[in-house]
Amino acid sequence: MPDRVLPGRVHSVPPATFAVLVAIAALFIVSVGQVSPSPSQLVAGLPRMYGLLDRMMPPNIEPAFLTRVMWRTVETLQIAFVGTVFGVLLSLPIAWFASRTLTPFGPLRHVFKMLISLFRTVPDMVWALIFVASIGLGPVAGTMTILIDTIGFCGRFFAEAIEDSDRQPQEALLTSGASRFSVLTGAVIPDIMPSMINTSQFALEKAVRSSVVLGLVGAGGIGQELKVAFDLFQYKNASTIILVIFVLVLVMESATDRLRAKAQ
């Protein structure tokens, strides 16, 4: 008689883990009660949402307005492109300084690692507010925001790629007396170039999405036009801008997907 296959059992959970799970569940339940919409709020909000959508139709397609939106879209792409290019260029040396295996600064590499973490963890809208307050309203604040955000994003992945790169060519160069900079340029960068290109494309795609909304806090781009439209209750203008943003992000995602497919 063949042995019976017993169903798998749930392993016992340690008391500490169980306490953490209970605390997480309690936090979730409390949060649902405080920040989730109630059925009455949903019922009351739906007619207002319908009214807003009704006032947004049809989108404004006046030539003068479309021309203004087009130039704002161009400005948005300029912010994303310039900020991403400078951010990627600055990310490489910062990632080198922060890497565990190749940094020329020894334990001081943690300073650069913390800098990357700071740039990555602070939301881009907060950086935009900081640059608007320090530089002033306009696209320059948006470009600086994208630059900082790109360093935070690419710096981390570039540093990880440097640490995971093939060690044999590096050790051969170091043994022959090459400097760390020579090892970086002669062995590491050729090895991690596909990863860097892939990460840079993701950064550009991320920058386009971010630059669209930076205008809401005065950092230039098409988001600034959207904020004006809502502030002045010009909802038909707002619907046109939202459609343009949707198409812009869709085209950008499609273009970067094609570039990644060709790179692979």
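## A guided tour of selected helices and loops

Begin by selecting Met 56, which is placed in helix α2, spanning residues 39–56. The model on display is a predicted one. With a relative accessibility of 7%, Met 56 counts as buried, because the cut-off for that class is under 20%. To see its surroundings, display Tyr 235, Lys 236, Ala 238, Ser 239 and Ile 242: Met 56 touches these residues, when those up to four places away in sequence are not counted. Arg 100 is 44 residues from Met 56 along the chain, and 54 Å separate the two C-alpha atoms.

Proceed to the loop between α2 and α3, where Pro 58 is found. Most peptide bonds are trans. The bond leading from Met 57 to Pro 58, however, is cis, and its omega is near -10 degrees.

Now select helix α3 (residues 63–98) together with helix α9 (residues 222–231). Two packed helices are described by the angle between their axes and the distance between the axes. For α3 and α9, the angle is about 135 degrees and the axes lie 7 Å apart. The two helices are therefore oblique to each other, because an angle has to be over 145 degrees to count as roughly antiparallel. On the α3 side, show Phe 65, Arg 68, Val 69, Arg 72, Thr 73 and Thr 76; on the α9 side, show Ile 222, Gln 224 and Glu 225; these residues make the contact.

From α9, move to Phe 233 in the loop that leads from α9 to α10 (235–263). Most residues other than glycine have a negative phi. Phe 233 is not a glycine, yet its phi is positive, near 60 degrees. Is the residue buried or exposed? Phe 233 has a relative accessible area of 59% and is therefore exposed, the threshold being over 50%.

The next stop is Glu 205, in helix α8 (residues 180–214). Its relative accessibility is 10%, so Glu 205 counts as buried. Which residues is Glu 205 in contact with, leaving aside its neighbours within four places in sequence? They are Met 252, Glu 253, Thr 256 and Arg 260.

Finish at Leu 21, a residue of helix α1 (residues 15–35). Leu 21 has a relative accessible area of 48% and is classed as partly exposed, because this value falls between the limits for buried, under 20%, and exposed, over 50%.

Definitions and conventions. Residues numbered from 1 in each chain as written. Predicted model: local features only at pLDDT ≥ 70, side-chain atom pairs only at ≥ 80, totals over all residues. Heavy atoms only, no water. Helix = DSSP H or I, 4+ residues; strand = E, 2+ residues; numbered from the N terminus. Buried < 20%, exposed > 50% of the residue type's maximum accessible area, 1.4 Å probe, protein only. Axes fitted to C-alpha atoms, helices over the stretch in contact; angles between N-to-C directions. Parallel < 35°, antiparallel > 145°, perpendicular 65-115°, else oblique. Contact = heavy atoms within 4.5 Å.
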